[in-house]
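This report examines one protein chain, part by part, for a reader who is new to structural description. Please consult the sequence and the structure shown below while reading.

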Amino acid sequence: MREILRRSITGVIYVVLLLGTVFLSSDAFDFLFMAFGLTCLYEFKKIVRIKGYYIFVAYLALWWAYIYLVKDSAAITVLMLLTITVDLALLMFLFSDKPAKFTDFQKFVIAVFYIGGGCIFLTMIPYKEEDFAQFLIMGIFILIWVNDTFAYLVGRTLGRTKLFPSVSPKKTIEGSIGGLIFALVAAYILSWYETKLTVTQWMAMATLIVVAGSLGDLLESKFKRMAGVKDSGAILPGHGGIWDRLDSLVFAAPFAYLILNLFSYVS
């Protein structure tokens, strides 16, 4: 009971902080996710044992350039494609049964594009249409939270078939399907309030985010399993680290940015 209370209090503070910055100002939102990115990198650095601090310099330089300086769509597309390429390569690592041993250069590339690139595109999503789209980014957070919550609840009550036992023994196929169904319901409701996307586009966004987010969750679990740790950190009592909270969003963000580009192109 005490643990549930601690998790609940931490969860409420996290959600209030996140949504508070969204509605406070775009600068507050930018700063929060820059800080979240640094924290995720620090946790990733410990887990894969990256030496030195050059990944932080590379991330800050990239973040500052793409959030405040780079406006050319071609340069943004290059970063998006590099980030997605690294993410897809990591899926090969996720589904491989062979033990992986990354070189220092590979660790650097993974850190900068998988973690750093994911946080950059997460920050860029609400600026897709120039103005700061508060309800769009809030909707994406809600889709992830709804999926996580109902995947857990459905999996706990109805779950029988393990999804990926070698990486995450508690996740079930029934839970994943339940999370997707409730995320689609949430997407339908969100379409009433955020009309920048149609109902169909919200449904497509929800499906993409749930699938990519679930893969991101499994990917982080594999990194932690390799390192022999339960959580990426301890900054959030009862929840672990920031990477534990953002693993789904960090992986899904470049794909969400891509689908928003496609929506803009076909509109």
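Is Leu19 buried, partly exposed or exposed? The model under discussion is a predicted one. In this model Leu19 is partly exposed, and its relative accessible area is 22%. The residue belongs to helix α1, which covers residues 2-24. When neighbours within four places in sequence are set aside, Leu19 is in contact with Met138, Phe141 and Trp145. Thr195 stands 176 residues from Leu19 along the chain, and the C-alpha atoms of these two residues are separated by 19 Å.

Several residues of α7 are buried, including Gly175, Gly178, Gly179, Ala183 and Leu190. The buried residues of this helix pack against α6 (134-158), β2 (168-172) and α8.

Helix α8 has 29 residues. From its first C-alpha to its last it reaches 42 Å, close to the 42 Å expected at 1.5 Å a residue. Just after α8, Gly228 takes a positive phi of about 75°. Arg49 also deserves attention: this residue has a positive phi of about 60° although it is not a glycine. Arg49 is placed in the loop between α2 (26-48) and α3 (54-69), and it is exposed, with a relative accessible area of 60%.

**A buried charge in a loop**

How far from Glu194 is the nearest side chain of opposite charge? That side chain belongs to Lys196 and is 5.1 Å away. Since a salt bridge requires the charged atoms to be within 4 Å, Glu194 is left without one, although the residue is buried. The side chain of Glu194 does, however, reach the backbone nitrogen of Lys196 at 2.9 Å. Apart from neighbours within four places in sequence, Glu194 is in contact with Phe135, Leu136 and Trp202.

**Salt bridges**

How many salt bridges does a search of the whole structure find? The search finds three.

| Salt bridge | Closest N and O atoms |
|---|---|
| Lys171 and Asp217 | 3.0 Å |
| Lys224 and Glu220 | 3.6 Å |
| Asp244 and Lys224 | 2.9 Å |

The salt bridge of Lys171 with Asp217 links distant parts of the chain: Lys171 is in strand β2 and Asp217 in helix α8, 46 residues apart. Lys171 is partly exposed, with a relative accessible area of 27%, whereas Asp217 is buried, with a value of 17%.

Lys224 and Glu220 both lie in helix α8, four residues apart, which is about one turn of the helix. Lys224 counts as buried at 10% relative accessibility, and Glu220 counts as buried at 1%. Lys224 also forms a salt bridge with Asp244. This pair again connects distant parts of the chain, with Asp244 in helix α9 and Lys224 in helix α8, 20 residues apart. Asp244, at 7% relative accessibility, counts as buried as well. Through salt bridges that share partners, Glu220, Lys224 and Asp244 are joined into one network.

**The nonpolar core**

In soluble globular proteins, nonpolar side chains tend to be buried together. Which residues touch the most other members of the largest nonpolar core in this model? Among the 80 residues of that core, they are Phe44, Tyr114 and Phe223. Helix α9 (residues 242-266) supplies the largest share of this core, 14 residues.

Tyr114 shows how such a residue is surrounded. Leaving out residues up to four places away in sequence, Tyr114 touches Phe44 and Phe223, as well as others, among them Val86, Leu90, Val109, Leu219, Trp243, Val250 and Phe251. Glu220 is also among the residues that Tyr114 touches, and Glu220 is a member of the salt-bridge network described above.

How values were computed. Residues numbered from 1 in each chain as written. Predicted model: local features only at pLDDT ≥ 70, side-chain atom pairs only at ≥ 80, totals over all residues. Heavy atoms only, no water. Buried < 20%, exposed > 50% of the residue type's maximum accessible area, 1.4 Å probe, protein only. Lys, Arg positive; Asp, Glu negative; His and termini not counted. Polar contact = N/O pair within 3.5 Å; in protein donor to acceptor, adjacent residues only side chain to side chain. Contact = heavy atoms within 4.5 Å. Core = buried A, V, L, I, M, F, W, Y, C linked by side-chain atoms within 4.5 Å. Helix = DSSP H or I, 4+ residues; strand = E, 2+ residues; numbered from the N terminus. Expected span 1.5 Å × (residues − 1).
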